[in-house]
Amino acid sequence: MSSGPTPRRDFLKAAGALGLAVALPPALAEETAKPNLLLICSEDMGPTLGCYGDTQVATPNLDQLAASGVRFGNAFVTQASCSPSRSSILTGLFPHQTGQLGLAHYGYTMKSKPVKLPNALRKAGYYTGIMGKIHVGPENSFAFDYKGLPHGKTHNPEAVGKDFRAFLAQAGDRPFFFYLNLIDSHAPMIDQVDGVPAEPTQPDDVRPWPWLGIDTPELRKRVAGYYNGVRRVDLAVGEVMRALADLQLDATTLVVFIGDHGPAFSRAKTTNYEAGLKIPLLVRQPGTVPPGGVRDQLVSTVDLMPTFFAAAGVPVPGHLPGRPLQPLLASADAPWRTTLCAEFTSHGPANYYPRRSIRDDRYKLILNLEAASRANPVASVDGCPATKQALAGPDGAIKEAHARAVHPPLVELYDLAEDPSELRNLAEEPKLAEVRTRLLAQLEQWRRDTADPTLDPAGLKALTDFHDQVRAAAQQKLAAEKQRLGTQKLPAKVVNQCLQIQPDYAVPGIAP
Ligand SMILES: [Ca+2]
């Protein structure tokens with residue numbers, strides 16, 4: 001790579017520019033049908049970018065990526081929690097299909113042995129690499145040839161660009177798959193790292209989003225910090241795209257940009273509300289993906305692995321719930337699914353609160369599986385003060401929405417056309433009884449099709465009992481540590497140790 005673009009890459013570039021890949025005979029198509037694959041995943045990032053109409057932040061590099069490819073307006077993760085969501089990105093399966101029900105650093109892990117994205121691509125001749133976190137267990141089961149900057153070291157855009165160039169040099173002439181994970185939009189929201197951005201967004205420059213519904217100094221500070229992280233991500237993407245352009249890899253590289261779930265704010269991360277599940281999804285490959293397109297179909301991160309496989313000429317396993325995005329990339333009118341489901345089981349083990357949700361182009365239904373037995377323990381994700389502040393505020397729809405997030409009914413139903421912030425629960429609205437019945441039936445069908453272990457009451461009870469035992473044991477350990485250290489405020493490391501689960505936990509219906 002250090003000697004510059006190779007003849008093969010020049011040829012691929014020319015073929016891509018002419019749109020030849022689809023027209024070539026099979027033997028030649030196989031050679032040209034192995035584009036490089038670059039998946040950029042930004043931590044805890046919703047579609048809060050200029051190209052999505054967000055006027056509170058400037059994201060020129062991501063806007064350029066969107067303008068030169070296709071932007072998806074309704075893209076969703078499978079669960080608004082890091083490891084479960086990432087397990088879907090890397091396996092094409094829903095978390096309840098692999099057993100990655102919560103965060104890997106507490107001991108949650110996949111219980112099955114699914115086909116894995118980097119492994120399958122490596123087998124197909126790809127040189128594979130990663131920067132930042134895997135966060136899906138067991139981590140050593142993922143086949144990455146190159147391991148770049150570790151999680152926590154991807155703040156500096158220039159360092160990210162440099163590491164990506166080092167990977168490209170290692171890849172040489174081989175087609176590559178690179179999984180680039182950027183940390184910056186994750187809590188704690190850091191305004192400036194290594195002097196970036198040079199002029200950070202200030203609290204008074206921003207307003208908290210409508211789905212938070214309140215505006216306080218603490219929230220403005222948190223929102224501004226989030227946007228400063230988004231700006232560093234944008235700069236890092238600029239560095240990476242520049243590296244591709246410098247090496248003339250634009251036309252031969254399929255670039256996909258996503259968030260791993262929505263931002264770490266109340267009614268977003270760890271919930272099944274839109275602000276938790278909805279992510280940016282940008283797809284670009286000049287000459288292959290038409291520029292400037294916008295798609296509003298319901299797409300999911302379970303569609304990513306089939307998309308990469310289709311691009312790489314790897315057969316897409318028939319049991320996967322997702323499907324390749326290529327038809328949609330080619331045409332806004334391609335036939336597509338009309339409903340999409342998501343889930344939540346756990347986050348940290350004390351945050352167990354199983355839910356399943358479904359939406360169509362207008363309505364969204366959330367089924368809170370343990371609503372009868374308990375409140376939602378994740379009232380304040382990563383220290384976000386919004387729910388606490390809203391509950392202390394004036395009565396009204398905002399306070400009710402935050403209260404409902406903590407004490408939800410069995411069924412929530414929202415009209416996303418009239419109420420995109422999901423403030424008014426219409427589940428008991430007689431006019432929408434048919435919608436409720438239809439969505440509940442479609443949700444149940446999906447749970448059956450994907451062997452959801454919580455569909456069987458015994459399976460749900462087993463998971464609930466397990467988490468209750470873990471929580472009780474953790475509380476005992478935490479109390480003992482507080483006594484031993486003589487403090488009520490334990491270091492995060494000690495809290496994490498107390499919350500560890502045994503990785504040999506069983507998930508009903510999944511054979512180890
Ligand atoms: Ca995350």
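Let me begin with a question: is D194 buried or exposed? The model is a predicted one, in which local features need pLDDT of at least 70, side-chain atom pairs count only at pLDDT 80 or more, and totals for chains, interfaces and linings use all residues. Residues are numbered from 1 along each chain as its sequence is written.

To answer the question, D194 is exposed, because 10 other C-beta atoms lie within 10 Å. The terms are these: a residue is buried if 20 or more other C-beta atoms lie within 10 Å of its own, exposed if 12 or fewer, and partly exposed in between, with C-beta atoms placed from the backbone. D194 is found in the loop between strand 5 and helix 8. Here helices (H or I, at least four residues) and strands (E, at least two) are DSSP runs, numbered from the N terminus.

D194 also deserves a look for its backbone. Most residues other than glycine have a negative phi, and most peptide bonds are trans. D194 has a positive phi of about 50°, although it is not a glycine. R267 likewise has a positive phi, of about 65°, and is not a glycine. R267 sits in the loop between strand 6 (253–259) and helix 9 (274–277). R267 is buried, because 27 other C-beta atoms lie within 10 Å.

There are cis peptide bonds to point out as well. One joins V196 and P197, with omega at about -5°, and P197 is in the loop between strand 5 and helix 8. Another joins G137 and P138, with omega at about -10°; P138 is in the loop between strand 3 and strand 4 (146–147).

I turn now to strand 5. How many of the residues of strand 5 are buried? Seven of the seven residues in this strand (residues 176–182) are buried, so strand 5 is largely enclosed by the rest of the structure. F176, F178, L180 and L182 point one way, while F177, Y179 and N181 point the other way. Strands of a sheet pair through backbone hydrogen bonds, either parallel or antiparallel. Strand 1 (residues 36–42) runs parallel to strand 5 and is joined to it by six bridges, with I40 opposite L180. Strand 3 (residues 127–131) also runs parallel to strand 5, through five bridges, and here I130 stands opposite Y179. Two strands count as paired if DSSP finds at least two bridges between them.

T59 is buried, because 24 other C-beta atoms lie within 10 Å. Leaving aside residues up to four places away in sequence, T59 touches L49, G50, C51, V230 and D234. Contact here requires C-beta atoms, placed from the backbone, to lie within 7 Å.

Helix 3 (residues 60–67) and helix 8 (residues 217–246) pack at an angle of about 55°, and their axes are 7 Å apart. Helix 3 is therefore oblique to helix 8. Axes are lines fitted to C-alpha atoms, for helices over the stretch in contact, and angles run from 0 to 180 degrees between N-to-C directions. Angles under 35 degrees count as roughly parallel, over 145 as roughly antiparallel, 65 to 115 as roughly perpendicular and the rest as oblique. Helix 3 contributes P60, N61, L62 and L65 to the contact, and helix 8 contributes D234, L235, V237, G238 and M241.

Technical notes
Two residues are in contact if their C-beta atoms, placed from the backbone, lie within 7 Å.
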